[in-house]
Amino acid sequence: MGTCAGVTNLTKEFSSAGTTTASHGMQQLATDPRNRRFELLAMPHLDAAFGLARWLTGNTADAEDVVQDAYLRAFRYLDTFRGDNFRVWLLTIVRNSFLDWLKDTRSGQRLFQPAPADLDWTDPNPSPEAMLLDRVDSETLGILMAQLPAEYREILILREIEDLSYKDIATVTGIPAGTVMSRLSRARLALRKAWINNEKRP
Amino acid sequence: MNHDRTKRLLPAYADRQTGPVRRFFLGRHIARCPSCLAELEVIQAMRSALRTNLPVHRAPPALAMRIASALPREAPPPASRRSFRFGFTGAAMAGSLAGVALTLAVTRATPPDAMVADVVADHVRSMMADHLTDIPTSDQHTVKPWLSARLDLSPVVKDFVAEGYPLVGGRLDYVDGHRAAAIVYRRDKHVINLFAFLSGDATDAAPRQESRDGFNVVRWRAGGLTYVAVSDVEASQLLAFVRLVENG
Ligand SMILES: [Zn+2]
């Protein structure tokens, strides 16, 4: 006990890791430096990649396909990664994989309808009910989000869940940096209107 | 700054995406304008609703395995090295075990900057191997003595939950050949690993920030200890965290 605890653990785990791998056969392990670099860079962002894909596709099975496709592409193009933010690069690829998945699936095609352009995004009237929005329950919020156009869903996820800057959002979505703020505003307003309508329903 | 212009820029203000000077002038107008203030509050309510209440979709555990086995594989390395080389598939298959072996290989191949590579690898492994903490508690009065008893060092351990950086726990780790305390914090969904170990150099050194493989790293020396903070949060947020630790 005491100061040796860490060392003991390490030794124990290390030797049992050796045993485990022997029984599974070496060919299963990522041994190539490139594979390992990829694992170090990409695997920590699996939840982020899956979260975006899940919100875009609307279901787990399709999200898994999109993420797998994105990871294989990212692996193939690993050498072209030059930036300092791997997550942004990876999310860009996830989005592209999603768009290709849309093209390939009939069921997907209705998902990415363009958002209505005529939506007035300046604030109508900050009503007290809107102020209660942060008390909306998780399930309702999930349903309301799922009903938004995909381009609104994605920008809300990138901003609020992935915490990306406007600049990084522009990189991932390919929209001009100058229009990120207005699209985000439209997305927020659309969600807020959906919420208010939902509240008015008996 | 006039009303129309401020109103148009309210989202950028709420999202903290303006420069400090513009932020100052926007803030000054908002403070005096009930209409802008009300709209800002709506945007902020919206943001906090999404941040706190949106259902979280985490990758199913099998997905990592599925991807790892779909990746193309290169030729096996020379026999002498391979017992030290465990990658992701190994980690997935052997659960929390395989990641530990990784450092042993990394520690030796060492240019001067190896420490940074090492902490980034430690940070990644702490999340991959599902071994974030040895002692999972937000109670600083539990974490600190637990670490001190095992490492003969007494790093700053403090819960910054009020500032948005809650303490998650502590862990014993190795950095660049040193036995190190890893103190784990969260910032929203992101993990921050704060490593502390005995410095060879007793002089204090101011925080220095750098990026590596998409992670931000800030290191400094204080009170005979080297501190290294690693995370994928934005550099500004990591630096804000470092300031809290420095003043802690
Ligand atoms: Zn105003």
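Biologist: Which arrangement do the 4 donor atoms around the zinc ion make?

Modeller: This is a predicted model, where local features need pLDDT of at least 70, side-chain atom pairs count only at pLDDT 80 or more, and totals for chains, interfaces and linings use all residues. Side-chain values use heavy atoms, without hydrogens and water. Donors are N, O and S atoms within 2.8 Å of the metal (3.2 Å for Na, K and Ca); water is not among the atoms, so sites may look incomplete. Four donors count as tetrahedral if all angles lie between 85 and 135 degrees, and here the angles are 106 to 119°, so the arrangement is tetrahedral.

Biologist: Which residues are the protein donors of the zinc ion?

Modeller: Their spacing in sequence is H-x25-H-x3-C-x2-C. The donor atoms lie 2.0 to 2.3 Å from the zinc ion. They belong to His3(B) (ND1), His29(B) (NE2), Cys33(B) (SG) and Cys36(B) (SG).

Biologist: How many residues apart are His3(B) and Cys33(B)?

Modeller: His3(B) sits in helix H1 (residues 3–14) of chain B. Cys33(B) is in the loop between helix H2 (20–32) and helix H3 (34–53). The pair links distant parts of the chain, 30 residues apart.

Biologist: Is Cys33(B) buried or exposed?

Modeller: Buried means under 20% relative accessible area, exposed over 50%, partly exposed in between (1.4 Å probe, protein chains only). His3(B) has 28%, so His3(B) is partly exposed. Cys33(B) has 11%, so Cys33(B) is buried.

Biologist: What share of the residues in chain B is buried?

Modeller: Chain B has 248 residues. Buried residues make up 49%.

Notes. Residues are numbered from 1 along each chain as its sequence is written. Chains are lettered from A and ligands numbered from 1 in the order in which they are written. Four donors count as tetrahedral if all angles lie between 85 and 135 degrees; four count as square planar and six as octahedral if opposite donors are over 155 degrees apart and all others between 65 and 115; anything else is irregular. Helices (H or I, at least four residues) and strands (E, at least two) are DSSP runs, numbered from the N terminus.
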